[in-house]
Structure formats: C-alpha cells, structure tokens
Amino acid sequence: MRTLALRVGAAVLVLAASSAAAGRTDPPPQAAPAGAPAYHDYAALSAALKAAVAAHPGLAKLASIGKTRQGRDIWAVEVASAKGRPVGERPALLVAANFEGDHLIGSEIALCMIDYLLTAYASDAEVRQRLDASAIYVLPRVNPDGAELMFAPVKAFRRTNATPIDADNDGRADEDGPEDLNGDGVVTVMRVRDPKGPYAVSAEDARLMKRADPAKGEAGGWAIYPEGIDNDGDGFINEDGPGGVDINRNFMHQYPYFEPDAGRYMASEAETRAVLDYVLAHRNIAAILAFGESDNLIAGPARPAPATRLDLVEFAERSFADARRTGMVPPLGAGFGRGFGRAGAMMPGAAPAGGAGGRSAQGAAPAASGRGMRTVQPATSVNAADLEYLNTIAAKYREMTGLRATGLVRAPAGAFFEYGYYQYGVPSFSTPGWGLPGGARPSAGAVPPGAAPGRAGASPAAGQAGPPAAFGQRGAGRGSTGPAGPGSDAEAAAEAIDLRLLQWMDAEKIDGFVPWTPFKHPTLGDVEIGGFKPYAAVNPPASMIADLGRAHAKFSVYLASLFANLRIAKAEATALGGGLFRIKADVENTGFLPTALAHGVVSRAVKPVMVRLDVPPDSIVTGAEKISALPTLAGSGSRESYEWVIAAAPGSSVTLTVMSQKGGSDRATIALR
Amino acid sequence: MMTRLLRLITAAAFPAALALAVPAGMSAQGRPSPATTQAPSAAAAVAQDWAARPSSERTYTVKLDFNRWHDVSELQADMRTLEKAYPKFLKYISLGKSYGGRDIAAMIVNNPDTGPDTAKPAMYIEANIHGNEVQGGEICLYTIWYLMEHYGRIDRITRLVDERAFYIVPTVNPDGRDYFMHGPGGNARSGHVPVDDDNDYLFDEDGPEDLNGNGVIEQIRKYVPGEGTHRKSSADPRILEPVPPGETGDYVLLGLEGIDHDGDGRVGEDGPGGYDPNRNFPADWQPGYVQGGAMDYPLQLPEAKAVSDFLLAHPNVAGLQTYHNSGGMILRSPGAEQIGEYPPQDTMVYDEIGRMGERILPFYRYLVIWSGLYTVHGGVTDWGNDTLGIISLSNELWSSQQYFTSPELKEQQRDPESPIAPRVANYFFNDYLEFGDQLTEWRTFNHPQFGEVEIGGAFKKTFGRVPPRFMNEELCHRNMAFTLYQADEMPRMSIGATKVERLGGGLFKVWVDLVNDKLAPTILAKAAQNAVVPPDLLTLDGKGVEVLSAGWVPSKWRPSVARPIDQKDLKRIIVRNGHPGRTTRTVQYLVKGSGPVTVTYASLKGGSPQKTILLQ
C-alpha cells in the first residue's frame, strides 16, 4: 500500500502536468515527465552531475569526498577552467547544499548553477573571466541519505541522515517511527477529541489548530499527535523514528549540545567530517554560499531571519516531549538507603568538614591559579568591521533574486554557514533559496510571477521550540531535561506561520495541506488525519527551480567577482654602490574583499599575507625582514609598502613572493643592476 | 624496615625461631646468604631445613623494569610479553594508527570465566597523550603487570580482576613518545600532524636540533662581557640568572638548540606538530583563537579519534584516568568555568575519590581543572564526563615536593642559605642523588647562525617532569593503587533480598532489593540530565506472567505506599537516572501468574545481575 505513491507517480505524471494548468500544482517532490522540471533523486542527481562534467572536460571535475552510512557518495564538483593558475591557488567560492535532508531545493539550485556556469562559459565573458581567475566548488547534496527520503513511497517530516539515534534514550534506537495510516503517501498529524486536550480549532482558519488560552475563556478539547501508532508500547507515538542526525546541527559554532538531532557530539557524522576535511584541504575557499533552512541573506547578515514554526507540527511533537524524561526515579523518602535524594546525603567521607583547609562540601579544593586567568570567549556576532562587506553582498542578493521575505526558517545553532564565518573566517551565507511573498515581515499575498515563491525553512517542525526536529526525527521536545542549545530561546520565541503558509498555498494552488479526514486509530479510536504535507513547506514546486537556479548562478558569478586579488604593484631596485641595493615593493589588493575579514584575523582562521624576499637572511642589511606577515590587506586598491637594503652581486636578480590564502599569490623578479 | 617486617611476621603467629632467623640468614629470594653459612652449626641445621621450603617472598613470572623509560617498541614488546604469559586474561589490541603510523596499543584485562569484558563495568586508563609526559606509560605497564602477577595471590586484586574489566592504553601519542625518547622532543607535548606554526605556508620545516648530539635540547648562550642580560649566579655558577634592572651581565640567551633549517632568518620556529592533542575532544571544544592548539575540528587528530571511537564502542566504561605530568594533582573537570559545576550528586562522588587520592598520593592535591589549574576546552575528561557519562580523572604525576619529603627537610628548605633552598634544590639533588647525571654542562659550539656560542646548562628531559628513575616504581604503584581504588568504586549492582507474598486469585506481591554497594552511581546525574547514557533497565520475565503494577518502596521498615512507576511497559522499566551509589532500592511488583520469574537489572556501567524467583 505504501509503495503506491511512487509507483503511481510515473503513471500520473501526465495527469499531474495537465492538472497543474487546470488547477492544483502537485507538491514538489514528484517525478515529472521527461523534460519537465523535477526534483532529482540520488541516481538522477549523480547521473546529471556525471553528464555535466563529461560534457565539459576542461571546465569541471567531479569527485566523491566521502561516503554516507548507506553508501552514497557525497559529490563535489570543481568548476574552474583548467588553464591559467593552478586551481588551488585561486580564490574560490564554495556552494554547498542539502545539509538538511528535506531541503532539496538547495540541491536543485546548486545543480542549476553548475549547468549555468558550464554552459555560459563559452558565451559569457563575465563567467569566463571568473572561471579563469577563480574557482567555484559545489557540494550539491551533503546529506544524500536524508534527501533520498523525499522519493520514498511514504514521505515523512525528517531532516536527518541515516545514523541510528536513540532519540528518547530508552535503550532502543529507531523503534517508533511514523506510519502512513490513511495510505495517502504522506505522514501528517492526527487530531482527536480529548477533554484534556489543550488545543482548539483556529478561528482564523478551520483547517488550523491553536492552543486554547484559558485566561481568555477558551476551552481546548483536542489532542494532537503525529500520524502513526505507538510501536514500542511506551505510551508515545513516533517519538523515535529512523535516523538520524541533522547535518546542519552538527557543526561546531554554537553547537546545540545534547539535542538528539544534533548528533552525539560535534562533527560526529561522516557527512560533517567530509565537508570539514574538504574545506580544510581547500583553504583557497574565500566565500561560502550555503543553501539551507536558515537565512542571513534575505534578512541580512546583521539580523538573521527570526525563526518561525508551524504550530500543527509543533503541537504534534509536543505529544512525545516527555518520552525522554520517562523513568527518572524521584528521590525516595527518609530512612531509605543512603541515597543521593537530598543534598548532603549521608555519604561517608563526603562530610564538608573533611579535608584540610575546610573546603566546601562540593567541588575540589579551589586554588588561586586558574581563577582570574583571562579566558577568551568565542565570537557570537558579526565583527563590526566585516558588516559593511556582508551587507553589501546581502543587498545585492536581494536585488538579484527578488527575494524579500522568508517563510520557515530556524535559528542556526550548529549550522555549516555559521562555522564558515565564525571558525573558517570567510564571508559565509545561508539562504533557503526561495521565499514567501511580502516585505521584511511578510503577510500572505500574491507571489510575483517569476520571482521566488514561498520560502519555507525547516520541514514544518523546523525552527520549533527548542530542540525538537521534525516528525520521525528525534526531538527532546520543549522543556526537555537537557540544557537548551544556544538557538533554543530564539526558536521558542518563533512565530507560527501556519496561516501565512496555508494562504500562500491556497493562492498558488499548491497541494500542500491534507484536509482533515476521519480515521479509526487502533488505540486512539476516532481521529482525524490531516495537516501540512512533508516537504511542501520547505520546497517550492519544481516549476520554479529553473528561475531560482539562474538567479543564484548569476549571484555566484557576482560573488566570485569580489575576491581579494593580491598582486605586486611595484617592485624596483636601486643600486646604492658597494654591492648594496635598495628594494622597494608595493603589495596591492585589487579585489573588493580584504585578504582576510576582521574576524578571519581575530579567529586566526585565515593566514596573514606573506611577503618574502628570496635572499639569504644575512644579506639583508636593513629594512623589512626576509619574511613579513600582513594580517590583512583591504581591497579596492589598498597597498602596503616594503623596503629592504640588501647586499648582492650586481647583475644578479632577486625574487619577491607574496602569498595569501584567499587572494591568490604573485611573484616578481627584480633585476639588480 | 626489617624490624617492621619482623613484627608483622611475629604477629602472624609464626614460630618465633623462624621469624627471628629471617633477617639473619635469608635473602629476598630465599637463597642462603653468605652469613648463613657461617652461622653456628645448630642454627645452620635449621637454616638448611628452611632453605628446602618455599620462600615466603614472591617471585614473578614476568620481570619488567620500572626504573627507566620505555620507548614505544619497548612498551609494546613488554605488553606482548605479558599477553603471552597471561593469555587467558590479556588481549593486546590496537586502537588505530597514529599520524606517524604507529599503533596505539591497548591491553584488555579481563577474566573470561566471569564474563566478557563488555558485560562488566570497565576502567579505562590512558597515558602520555602529551608526548613528553611519559611516565604514565610505565604506570600503565605496571598496572597490567601488577594485576596479573598478583591475581590469585592477593584477594582484593583477584576480586577486582574478576569483577571489572580494564582497558589500558600506555601511550595515546606514540609519535610524541618516540620523539621524546629518540629525538629532540624533550619538551614536546604535540602529536605529529603537521601544522604551519609560523604562517610561512610551510609545515614543520624548522624544528629543534640536537646540535651537540647529547640527546638534550639545551639553551644557547653567547658570552658578551658587559653587554648581556644574564650572569652566573653567586649561589651556584651553573645557574644563569637575569641581571637586575640597571645592571648588565656577561651573557645573552639565544633560545633553544637549533639552526635555521629553512633560511628565513629564524631558528627552530616550526617544529613537528604544534598543537595540544588534549584539546581536540568534542566536549566544550573551542576553535584555536579561544583554545590554543585545538586544531580545526574535534577528533580531527587520528589519536583522539581512535581513543574516542573505542570509548564510544565501549559504553561499559565507567571510570577513566588519563595520566599526565606534572605537579602532583588529581584533576577533574569542568575544564572551563562556563560549563558550570556538576550536580551535587556527582561532585560528592568525585570529592570522595579525590580526597582518598590525596591520602594515597602524598603531595598530590585534588583540584578542579578550571579553578585549580587553568582553563581547558576540549579535554578528554570533559568528553568523558559530559558526553560519555564516565567518571573521569586526570593525575598530574610527580610533584617537585617529592625531592625532599620529610617535614625536617621541608623546614630546612625555608632557609634561603640552605643547600636545599628552592633555588638550588634541583642542583643539590642532581649532585648528591643523581651524581651529576641530570644536568648538562656548558660547552662551546660554533653555530651556523650565531657564531661561537655555548650550549648546555639544561636539566635533562628525565629530570623535573618525571621522577628520578629510582623513584618511579613508587610513583607507578601509588598511582595504580589510586586508580584501582577508583575502579573498585565503580558501580556494582546486585539483586539483594527478595520476598513473595501470595494474595490469592493468582496474584502475587513481589519485593526485590536492588543494591549498588559501591560509591559511584550507575548513571551520573549530569549524564541523566543530558540523556547521554542509555538508561538502566529493570526487567521481569516469566511465562504467562503479567505485571499489574510496579512501584518504588519508600521504606522497607515502616508502613508506606509504593510509589507507582508511571510507565506503560512494566516488564521493562526504564531507570533513566540510574542507581545511586551505596544505596538499596526496593521495587514492589504486583504480578498475575505463577511459576519462575526472572528479575534482571541491566546497567551498562554497573553490571547486569539477575535472580529467578518462584511464584507459588
């Protein structure tokens, strides 16, 4: 029964295409007729990449940078012309997508970008210039195991990879996943009449639910659960589904500790490590454009888009929030054993009066040495000196894509693009790749034709209160016992956008919401099944991919035009007599970006520019040292001057070398006459 | 010493004659000493008689040396020797390869007769993650050796080996250890993953160099009469001291022994590695500008990855000790203040272990890392405690206080004119206890960059951070004793008393005592808060048996209502926060059905005892 959706998919294609014209657009993740826009599964993506690379042998290379748990390759495409400077010495843009398994639109845009760049190279002088002087690396699908679920017969909300995780920590991993009870190919939510249920039908739209507020005289009467059954008989539904780890929660900046979908620890996943190893092996990456469910381009880098959520999904997830707390044995009464129930329990040897010096009952003896030592805290906001650069780029992004407002977005704790700026030290951006219509804080309305339509961040669960992830993912749920991750406060305050999203789907005739339909549940009895479809809130219809792809490809070309460009602007020698020469050199950055952002310098993530006069050190009489390090050199023609007096044989020559990680290198030979 | 032994033996009610004869005539090996053969004839006859009996002193199957430092291949050879001698108990494994391709060797100590190692609470002991902190390797070797040689000989050792498993890793950083043993790595903490320390786009191109070939990286000084910053001390001419402000000396210091390998005008500025291998673990890991030497991401280093993968694959590890040097400290996390102090239930356990350690290890102090030492992000003890739920300690081996130990000598050291005053104490120790072996003399050297200089004046790498060789066996034993104490206090679950009451109608009330008689809980409070350790499981199995209710009994001895356990599956009760130390809990079941039922308390870190009870 559950294989129905996919099998039927092909047969229904024509129907779907024609019905789109007639009325409703199929939700994004469907197969499409040949030539029609479609989302790519792993096989199709791999084939498309191989074909694109094969068709442009001097311009693109395909490599696997790692294998997933299920054996899929994590592909990396290097787009750069083979002639000219070695690619590793050119500044490069990294485009990376699909960290969140359900965010396939990013993957599709990345694929379009590759095609655009490879095709335009022959005809477009700007593209040719960028691919000759710089490189664009593309990781189109970082989490292929997660992404593949979009093409499964039954679709559920899930962002994670395939690593088994015991989400509710009951000693069993992945034992209670979702079921498609009504056989419609999607896992949504169930609502059931329950005198103790805190939810009521929304007055704004009868398809939506709200939390009743007793203070306003509102009564509840409904309980909400994810669609499924209680497989392990623990009293919770779908609290521990298959997988996994959300790769965009697994990086190190503001890593959300102890949240199940963040992985057991930072960088625990093969996908995460593959990406890290890749960027560390490519220190020429000078900017990062990540597609994902957080945004700092549409809203701007100084104020990342506030997190939003879907209440329907959030309510369903809350039903199992307590699963991770079950089994906490409370302190038992006095006279019971010698337990730790109360502070200062009767533990021999634990008496406060114990050791020499009358130390406190808790903690080891304090000593003077550690306290009061200066400790450095990691940066958590954009360095003021970098903001203007990043704002300029974000403004250009909005101009080039027409995107003005975000839909579902989440706080970026542990996301890759945050690592990109805060630890890797380069301009690093994230965009969902599309948006909802409207201004800075949009309301429902018509989508401008051709512009990006709805923009949804997470799978509906995303950006919800605290740790929880989508259905079938593991979520500690609101108020879980674990300490909240850095993003949690923001996420808890997330605005619910159910109504906005629904109105947009209505306006666009997108079939993204399953109407409530009665169903006889094995343990809950009479329920209604309905709600947002997985993937529909995160990915726009496939028909929009091409336009989004083109706009982002052009943006990537723009980004590649900004790189620092280090060169020796002047290098001259004057004979002073007696075998001495004065050498003067100017080092210039003709690009827009500095050779290192301020935070790149602060974080020591970006090496200084090295200026080296290749002479024996003891031949330098005065002036600069043989090797000088310049922490950063601003762009737009900024220069730094160096001067040496050296002893050398007249008629010989010396070489001056300047090197940078993000702005290329240059070399000059100076004749001494 | 002998008198004491004598008293002990007498007290043990040995025949007086035998006891008296021991000091006079027997060597430790029980062979007659020359003195014995010259004893009066009557005694000689008795002595002959004794000599035929087995010696009261033990002999060892494997003879190892603990008064010297072992390089990696020696350590591994000794481990192999032990494995060969005790094949039933020991299993030599490799956790992985270091960057330099050396095995990270580990020994599993386990008695298979009492179950597989993975089914027992295990103590993980590692050492030498910092390349120059070598002596923990010898403690590890000593521990394996001691456990094996005394199994069946000392009851408490026998019981420990039967009840617990041990995972022992003598060197986590074999590249660093061999660099210390064979190369110029006397001061090198790092592993050998290349790092560009001087930002010249070259990696590890200019390391220290033992120019005079004496195995020690020494200071370079130049004699510049009247123009220098240093002078010979009046207290001891071997001491080079900075001159007071406004005066000039006769020497300048030019850094450590090395040359300018890469022709950049600087000497020895980019040696092997250049990071801190114990800042690469993924708990409170911070990037390099916050935590120097952390590398680019956690578990990037092959050594940290290898030991972490092992720990992740062995959730039965309940105790961790990582040996470092030096300073005489028993350290626990948090490594950084912002992590926050542990819950009181946890600190009480640590405190008791730490204070016991202070008694076992004279001159060692029990401290919290961030407040007592300095801030450490991404260290292995935070990883162990916070993410793996393991009671984790780090001993900083060897305190300089141990050079002069008695209260009288400590008092004498307060006198600045004393030959053992702190300023000159090391020189005294070197002169009179090491016979001058530990200090190098200044010798002239023609340096390619500095011209004529003097090289020397250094205490060797075997002095200062490691104990004198002759004191190392004591260091090994005391630290092992402390770690075995920690191992013994790991949780130990057992099923205690049980009681069955027949209620009629096929119903039974069943009480089961669950006991943890050791100090440590099966799950640390912080681990339970963060759900990082799988829960303990209390299961009841029986054919056709149904559990109608289950509850925790507040008191066995006074009337009380059992507090119901609010879980759906009462045949598989989740005990998420584990079982506290030194505590008995009573669970009360209401069971329908009869026949044998088996109650199991399954705890990853506390063992999995079970008991079968007959309902009739």
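**Exercise 1. Determine how many helices and strands chain A has, and how much of the chain is buried.**

Solution. In this predicted model, chain A has 13 helices and 22 strands. The next step turns to burial: of the 673 residues of chain A, 54% count as buried. Contacts complete the picture. Among the contacts in chain A with a separation of 6 or more, 75% join residues 24 or more positions apart.

**Exercise 2. Identify which residues have the most contacts inside the largest nonpolar core, and describe the surroundings of A:Ile136.**

Solution. The largest nonpolar core has 281 residues. Those with the most contacts inside this core are A:Val79, A:Ile136, B:Ile144 and B:Val169. Helix H3 of chain A, residues 104-120, gives the largest share of this core, 10 residues. Next, consider A:Ile136, with its neighbours within four places in sequence left aside. Its contacts are then A:Val79, A:Ala80, A:Ala92, A:Leu93, A:Val95, A:Leu117, A:Ser556 and A:Ala560. A second, separate core has 29 residues, including B:Leu538 and B:Tyr589.

**Exercise 3. Describe the contact between chain A and chain B.**

Solution. First, count the residues: 64 come from chain A and 63 from chain B. Second, locate the elements. Helix H6 (270-281) and strand E19 (627-630) of chain A are those that give two or more residues to the side of chain A that touches chain B. Third, sort that side of chain A by class: 30 residues are nonpolar, 23 polar and 11 charged.

**Exercise 4. Decide where in chain A the pLDDT stays under 50.**

Solution. Chain A averages a pLDDT of 85, and 81% of the residues score at least 70. Over residues 334-363 of chain A, however, pLDDT stays under 50. The model has 48 contacts beyond four places in sequence for this stretch. Residues 441-491 of chain A also have a pLDDT below 50, with 220 contacts in the model beyond near neighbours in sequence. Where pLDDT is low, the predicted coordinates should not be read in detail.

Technical notes:
Residues numbered from 1 in each chain as written. Chains lettered and ligands numbered in written order. Predicted model: local features only at pLDDT ≥ 70, side-chain atom pairs only at ≥ 80, totals over all residues. Core = buried A, V, L, I, M, F, W, Y, C linked by C-beta atoms within 7 Å. Buried ≥ 20, exposed ≤ 12 C-beta atoms within 10 Å, placed from the backbone. Helix = DSSP H or I, 4+ residues; strand = E, 2+ residues; numbered from the N terminus. Contact = placed C-beta atoms within 7 Å. pLDDT = per-residue confidence, 0-100. Nonpolar A, V, L, I, M, F, W, Y, C, P; charged D, E, K, R; others polar.
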